[in-house]
Amino acid sequence: MTTTPQRLQQFVNYRKQYLRGDEKGEAQVFLDRFFRAFGHEGAIEAGAVYEDRVAKATKKGKTGFADLVWKPRLLIEMKKRGEDLAKHYDQAWDYWMRLVPDRPRYVMLCNFDEFWIYDFNTQLDTPIDLVRLEELPERAGTFGFMEVRERKSVFNNNQVAVTESAARRMAQLLNLLKARKVAEPVAQRFVLQCVLAMFAEDLGLLPPTVFVGCVQDCLGGQSAYDVLGGLFQEMNRPGITAGGRVPGVGYFNGGVFATIYLLELRPEELRLLESAALENWSKVRPAIFGSLFEGTMDEQARHAHGVHFTSETDIRQIVRPTIGRFWEERIEGAGSVKELNGLLLALQGYRVLDPACGSGNFLYIAYQELKRIEKLLLDKISEQGKGTAQVGLGFVTPQQFFGIDLNPFAVELARVTLMIGRKMAIDRLELTEPSLPLDTLDANIICADALFTEWPKADAVIGNPPFLGGARMRLELGDSYVAGVRAKFTEAKDKIDFCTYWFRLAHDHIGESGRAGLVATNSISQGKSRIASLDYIINNGGFIHEAIASQPWSGDANVYVSIVNWSKREPKNFYLNNASCLQINSSLKSEIDVTHAVRLKANLNICFKGVQPTGKGFFVSEKQAEEWARDSKNEELLKLFLDADDLASRTNGLPSRWIIDFNNKQIEEASSYKLPFNHVHNTVRLERKDNRDEHAKNYWWQFPRPRPAMREQLSLLQFYLAVPRHSKWFVFLPSKLEWLPGDSVVVVALDDFYILGIITSNLHRTWVKAQSSTLGETTRYTHNTCFETFPFPQTATPPQVQAIRDTITALHEYRTQRMTAKQYGITDLYNEFFHEPASQLHKLHAQLDALVLKAYGFTAQDDLLEKLLTLNLELAQREKDGLSVIGPWVPTVTIKTHP
């Protein structure tokens, strides 16, 4: 039996003997043989697809064809022999982005002689390995992902480990300096000077080993005060150092060396610096600065200001649609050398701003993207104009990039990141512009509060503004700061996420041809935050052209983010969640926008959020409740408390906790219930003593949100309908009146199974998903948007009403029986059977859905959201005209309800 290296050698021999490297005629033969070399029967037999259709990013309605897609492992793009693979990076990236779901882990560019392997999730712009055809047999371990049974792959250019190691050592050095009372600004600048020197040494901006040699001399007994201080002084001296300790050092300038702090280093600090200097800094990704910043910034300060860090892949989902494709479309549309030269001049004046720049990673990736565009332009001018472009000028410079941040260290990091980015772009794109001196960016990237600072002129605004929930702003930032924000943004005074304000400012800042792209928490497309941000954009001439509605944030699985790109000119294409669509609304959905549906008067005062106790001391054990209930007077205060976990996870939605409920009783009456009152006095009163809400503090025995209107409506019923406020399935369950619903529950104060059938149907679920906010897989059921806007059937006949009642009764009885037998909750039941066509759960829902459609007069082929929105607006107009409207009740005669 042949081994993988032997089969790879046979593949190499076959390619050399039989294939000339023609992309069109030989690519599939080449790829099939490649798969066979790893033990597969062939590419198709392994599950790969040739010429897989992928929506193109720049031609409306057009489809591209990825050469081979093997989900979830690999995307391969083949090019003719001798082709420069670097030119096809963006094509591969765009295909990879669109290949959802099960996007391949790896991307490979191949020209019959070279295999460039990318892992865009970890290393954005540089292959994690590059293997020549002849090397395949000895490099089989690189292609573990190709094996029939996938094995761990070993890559030669995995920069993540190098970056993490270097970042960790430099953070340790900074902490050592701060621990021995070196002033923080001094320690930070010294560390940044060392970092820049190490990059410079391995990127060829300094003579070889000059920095590491200086460190080792200091370990040998020389003074770091003199040796390292002397090196940094020479790096800031115009001209080339002619002699002395560090001959050949050029002039760096760049601002970071404008001030030299002479420090003496201790042996442990020098050893740490030496180990860092011995890393290969040409392999260190500039994301080190984000890591360094995150590792050393005060955790409390980061939390208070909502500081988060974005992965390079997510950053490129802003930079590419906002900047890269904007320029590619203009280049593609240029028909002459004159037009291309005009674009080159326009590129020189193009300005990019990140108004929450942190350590500069957005600016770094945007700079790399614009340098790539510059190279693309120069190459096209040379092709069409026979070498008329002035290729050595360096049209795009760091001086075109601007940033604002509150943290002084972040600002210094961002400046250094861009300085290094220039040299990296020159090397990666093989440009001829000079690398030194570095740009001075002190005026470009400034330390200021972006909400109260005039932003510099910019054609593109990008970034990741701070996330901070509206309810936490006052607590984290203080009363006076919040008052200042509210005074400036008078039209956005509600409790909205802090990042919302950046969206408004960015939209106002870009011109008619400008673009913007920001990362935010996914609340940006929901509720009041949406109204203040994305609604503002849409209502003021903006078009959201590419967005990710919600995804886990790369830095914290508990945070879900949205990625939003928009412009003031109607785009050629729209992409939502990496799929082509016809439009994107302010809820970051592609269907008809229902966010402007009207709250119907007929639906008001029926759906409520449950009570909000605010105090752990209100909850007591079942044993305690039983003991107190021996005094019959206490019975009316002791209630089973229904919360979202009970509804979603417990058998038949049964409550699991007891609570003391004084409702609206005044203190004199409340105190007559001695045992419960004393318990609350000794617990809740202490819990609330520092509460900012004066009513909650002074009326400590009462719930801050007792929901009197809800209680009044419930008193008229035999049971009520309850659903978790946040859940995956949002299934309403009938609940007993003696159960007190908490604020994690939404209550519909009705006891008619006909209405339960309507709000259990797919029609209502479709409306809820379009109207509600989400967090990962969970949906937030909000009474004023999901229920109060929902139009109920106006013309259902008595037989239709009864059929709906009968079906939802059967469904309820089936669910009760199944959950009792299995001893699990509604979430488990629906996870297991809802999508199983043969299950009774699926069949009963399908039957219910068909009946509800008939009650409305709709068909399954209708655009249900459009139909519902039309009906909502018609009913709203009828109410405005003083005409009657059927709300959540039977349209005709009342029929006996089910208990």
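Buried means under 20% relative accessible area, exposed over 50%, and partly exposed in between, with a 1.4 Å probe and protein chains only. By that cut-off Arg372 is buried, at a relative accessible area of 13%. The model is predicted, so local features need pLDDT of at least 70 and side-chain atom pairs pLDDT 80 or more, while totals for chains, interfaces and linings use all residues. Residues are numbered from 1 along each chain as its sequence is written, and side-chain values use heavy atoms, without hydrogens and water.

**Salt bridges**
- The whole structure holds 54 salt bridges (a side-chain nitrogen of Lys or Arg within 4 Å of a carboxyl oxygen of Asp or Glu).
- Arg372 pairs with Asp90, with the closest N and O atoms 2.6 Å apart.
- This pair links helix H13 (residues 361-385), which holds Arg372, to helix H3 (residues 89-98), which holds Asp90, across 282 residues. Helices (H or I, at least four residues) and strands (E, at least two) are DSSP runs, numbered from the N terminus.
- Asp90 is buried too, at 7%.
- Shared partners join Asp90 and Arg372 into one network with others, including Arg316, Glu328 and Glu546.
- Asp442 and Arg415 form a salt bridge at 3.6 Å between the closest N and O atoms. Asp442 is partly exposed at 37%; Arg415 is buried at 11%.
- Asp535 meets Arg530 at 3.4 Å, N to O. Asp535 is buried at 7%, and Arg530 at 8%.

**Strand S10 and its partners**
- In S10 (residues 460-463), Ala460 and Ile462 point one way, Val461 and Gly463 the other, and all are buried.
- S7 (residues 352-354) runs parallel to S10 and is joined to it by two bridges (strands pair if DSSP finds at least two bridges between them). Leu353 is opposite Val461.
- S11 (residues 515-521) pairs with S10 in the parallel sense over four bridges. Gly517 is the bridge partner of Ile462.

- Four strands form an open antiparallel sheet, ordered S16-S24-S20-S22.
- S16 (607-609) and S22 (733-736) are the edges; each has a single partner strand, so one side of each lacks a neighbour in the sheet.
- S20 (residues 719-724) and S24 (residues 745-748) pair over four antiparallel bridges. Val723 is opposite Val746.
- H27 lies across S20, S22 and S24, at about 15 degrees to S20. Axes are lines fitted to C-alpha atoms, for helices over the stretch in contact, with angles from 0 to 180 degrees between N-to-C directions; contact means heavy atoms within 4.5 Å.
- The axes of H27 (residues 753-760) and H32 (residues 840-856) come within 9 Å and cross at roughly 100 degrees.
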